[in-house]
Amino acid sequence: MIAETLITVGKELFGVFSKLDENRLKRTVRVADYFSSLAEIIETTSAYLKKGIYPDGECAELRFHAEKMVSTIGDIIGEAEAEKYEELLLGVWEIERMHGELISVSEAEREEKLRILDEAAGYFRGVSAHLRVSS
């Protein structure tokens with residue numbers, strides 16, 4: 001559920017930001033850094049999980065970033081839309097729980113969840129990259 005929610009948010013935000021006009025992308029560096037940081041949290045978590053190591057501290061970082069969603073992108077995509085994504089991320093901010101989830105599933109399911117997690121990070125990286133080249 002965590003990986004699936006993260007990829008949903010990443011995909012949807014990638015779609016939203018790839019369609020914005022140039023006037024709404026004025027604050028691109030700050031927003032690009034924000035999405036890059038989200039991607040880094042997910043990538044770090046994935047790297048730990050692939051090694052079977054508990055990703056200590058990643059929950060707090062994800063929660064911090066989730067709570068900044070509206071103030072970071074609300075004026076660009078609208079506060080209601082930003083609140084929706086904030087709520088989705090706050091619903092899975094305990095990303096460290098994936099460690100326990102992965103222990104109790106088959107190897108194939110474990111690999112699929114980690115693949116989805118990596119793909120989610122890719123979407124957040126994609127949003128960041130799009131914003132950097134659009135400015």
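Here is a short tour of charged and aromatic side-chain contacts, stop by stop.

Before you click, remember that this is a predicted model, where local features need pLDDT of at least 70, side-chain atom pairs count only at pLDDT 80 or more, and totals for chains, interfaces and linings use all residues. Residues are numbered from 1 along each chain as its sequence is written, and side-chain values use heavy atoms, with hydrogens and water left out.

**Salt bridges across the chain**

Start with Asp33 and Arg132. They form a salt bridge with the closest N and O atoms 2.5 Å apart; the term stands for a side-chain nitrogen of Lys or Arg within 4 Å of a carboxyl oxygen of Asp or Glu. Asp33 belongs to helix α2 (residues 28-50) and Arg132 to helix α7 (residues 107-134), so to speak distant parts of the chain, 99 residues apart. Helices here are DSSP runs (H or I, at least four residues; strands are E, at least two), numbered from the N terminus.

Colour by accessibility if you like: Asp33 is partly exposed at 36% relative accessible area, and Arg132 is partly exposed at 40%. The classes are buried under 20%, exposed over 50% and partly exposed in between (1.4 Å probe, protein chains only).

Next, select Glu43 and Arg125. This salt bridge has its closest N and O atoms 2.8 Å apart. Glu43 is in helix α2 and Arg125 in helix α7, so the pair ties together parts that are 82 residues apart in sequence. Glu43 is partly exposed, with 32% relative accessibility, and Arg125 is partly exposed too, with 31%.

Now go to helix α3 (residues 58-67) and pick Arg63 and Glu67, which sit 4 residues apart, or about one helical turn. They form a salt bridge, closest N and O atoms 3.0 Å apart. Glu67 is partly exposed at 41% relative accessibility, and Arg63 is partly exposed at 31%.

What does the charged end of Arg63 do here? It sits over the ring of Trp93, 4.8 Å from its centre. To count, NZ of Lys or CZ of Arg must be within 6 Å of the ring centre and within 35 degrees of the ring normal.

For one more charged stop, show Glu12, Glu81 and Lys84, which are linked in a network of salt bridges. The salt-bridge count comes to 11.

**The aromatic stops**

Switch to the rings: the whole structure has 4 aromatic pairs. Rings of Phe, Tyr and Trp (its six-membered ring) pair if their centres lie within 6.5 Å; planes under 30 degrees apart are stacked, over 60 edge-to-face and the rest tilted.

Select Phe14 and Tyr123. Their ring centres are 5.9 Å apart and their planes at 75 degrees, so the pair is edge-to-face. Phe14 lies in helix α1 (residues 2-18) and Tyr123 in helix α7, so the pair ties together parts that are 109 residues apart in sequence. Phe14 is partly exposed at 32% relative accessible area, and Tyr123 is partly exposed at 23%.

Then move to Phe17 and Phe35, an edge-to-face pair with 5.3 Å centre to centre and 70 degrees between the planes. Phe17 in helix α1 and Phe35 in helix α2 are 18 residues apart. Buried or exposed, these two? Both Phe17 and Phe35 are buried.
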